[in-house]
Amino acid sequence: MTTYHPTSGGEPVLVLRLAGVLQSWGDRSAFNRRETRPEPTKSGVIGLLAAAAGLPREADLTDLLGLRLGIRVDQAGTLLRDYHTVSDYRGRPLPQTGVSAKGVQKLTSPAKDTHVTHRFYLQDAVFLAAISGPRPLIEGLADAVLRPAFPLALGRRSCVPSQPIALGGLREGTLLDVLATEPWQAGEAHRDAYWRTAKRTNTRADHVDLSATIDDDNGDDVAHDVPLSFAPRERRFTSRRIRHTWLSVPTGFPAPDDATAAPAHDPFALLGW
Amino acid sequence: MPFLSRIRINPLRAASQKLLANPRAIHGAVQGGIADRPTDERVLWRLDSDNPHRPMLFVLSPSRPDWTHIVEQAGWPDADGEHSAIADYTPLLAQLAIGKEFAFRLTASPVQNSSKPTGDSEHRKKTPKELHQRSYRLPQRTAAHQLDWLLQRTTRWGFDIPHARTDPAAPGLALPEQLTPAHDVRIIDRSRHNITKPGSKTAATLTTATFEGFMRVTDPRLLETAMLNGIGPSKAYGCGLLTLAPPAGR
């Protein structure tokens, strides 16, 4: 077992609820296939905070890069594929990548009128993001999320978050402690389904097992999603070490009388989305 | 796109008693649920009898199956509740990441290969040609050997099994230094089936062990291969299906 190093001890933690009809957290998408990660990326969350604080795209991100991030999957949602076509409104064939002697893109031959692109979204997902860092910075960001300078988005401009984003006030403690104690944020239908399943399969409903990913310098996985610059012509990313873990979070449902009954092995518990 | 199915079995019916007694019968019933190319697809299944009065059959199949025939013959066709559930397996495969922990369950048939087996059964007098140019597969029959079989192979299946959590000994009660810590896995069931195939007078013996424990992903691609293609021999007879669940209470 790996042990958690409380690198964020003593620092305040800002807790954000990332929920909306659609979300899309890409980390290496380019061109015609825009994929999404199953969890929010660090660049997405830092971009959201930078937008709230009113930083322009070319701004220096040094302060924000020191923040430590933990993500909890409260409701995994389902994957949506958006089949998307692009064509020229004047009815002309689309240009190809090659250029003519004048430096103008040549037209496709044989003429190609439609480009197909795929955009992937998470629908009906809810995540909890915990961000820790130096106190003045976190307090400023908590204030900015309540009165954002630019509109906030969940990974892409079209993905509008639902309220509330900031869950009121700052928390104290390590990222892991905060993520493990914060109430379950899943929607009402999802909570009801969990309660019904627990009753049918005779398992405990007072806690739910949620997967989480946190920044950890000794973590055994790597995510390539730390933004060095959001400038449109100079977008650069670097990597961070992360650790995947599970948290047992209180649901608010009553505990069964027999408190020692261990749930049986249920392979369907992970196939919820 | 693989699918995981769960079918509940009514143990009081004649058809289910035949199923529960004989892995060949379940193999036939499971293959009968695959519509198009039952002989080309790698279908894995496992019978879980946590509650012996309510056994559950789990099946992993590459194409979408249909279990109406099992429900009609060996279930409760008119009862309330879910006769059989079918879920898409890809979301779970997408969640596999290095370092992620899961609870697992696996029924496998641990074997060792030997070119010079002892014993004088008819099977062991076969020539290499009759054995299709391979050596003899002998079952691992003790619990210790079966556990070793699992622990030696986990790395090539893309996961490892961490040490079990233990409390420190009371002061003054130092443990011997050479004691190696136990891995967090246990054998919850061991069984032996004699399977007689049509046209053969001698029975083939199938020795299985069911493992349950905690695992940590070390290589998601290897693990995905092991989960979809199965682990170890006797995959047609209910062995080799590795299922994952959230690690409750850890």
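Analyst: Start with R72(A), which is buried, its relative accessible area being 0%. Buried means under 20% relative accessible area, exposed means over 50%, and partly exposed lies in between, with a 1.4 Å probe and protein chains only. This is a predicted model, in which local features need pLDDT of at least 70 and side-chain atom pairs count only at pLDDT 80 or more, while totals for chains, interfaces and linings use all residues. Residues are numbered from 1 along each chain as its sequence is written, chains are lettered from A and ligands numbered from 1 in the order in which they are written, and side-chain values use heavy atoms, with hydrogens and water left out.

User: Which residue forms a salt bridge with R72(A)?

Analyst: Side chains of opposite charge can pair when their charged atoms come close. The cut-off here is a side-chain nitrogen of Lys or Arg within 4 Å of a carboxyl oxygen of Asp or Glu. For R72(A) the partner is D74(A), with the closest N and O atoms 2.7 Å apart. D74(A) is buried as well, at a relative accessible area of 2%.

User: How many salt bridges does the structure hold over all chains?

Analyst: The total is 25. One of them joins R243(A) to D216(A), with 2.9 Å between the closest N and O atoms. That pair links distant parts of the chain, 27 residues apart: R243(A) is in strand β11 (residues 236–250) and D216(A) in the loop between β9 (207–215) and β10 (221–229) of chain A. Helices (H or I, at least four residues) and strands (E, at least two) are DSSP runs, numbered from the N terminus. R243(A) is buried at 8% relative accessibility, and D216(A) is buried at 4%.

User: Is helix α1 of chain A enclosed or open to the outside?

Analyst: α1(A) is largely enclosed by the rest of the structure, because 10 of its 11 residues are buried. Among the buried ones are K42(A), V45(A) and L49(A). Just after α1(A), G54(A) takes a positive phi of about 80 degrees.

User: Which residues line the largest cavity?

Analyst: A cavity is a set of points on a 1 Å grid over the protein atoms alone where a 1.4 Å probe fits but cannot get out, and lining residues have an atom within 4 Å of a point. The lining of the largest cavity is K42(A), V45(A), I46(A), L49(A), L67(A), L69(A) and I131(A). Helix α1 (residues 42–52) of chain A gives the largest share, 4 residues.

Terms used:
1 Å grid on protein atoms, 1.4 Å probe; cavity = no way out; pocket = protein on both sides within 12 Å on 5 of 7 lines; lining within 4 Å.
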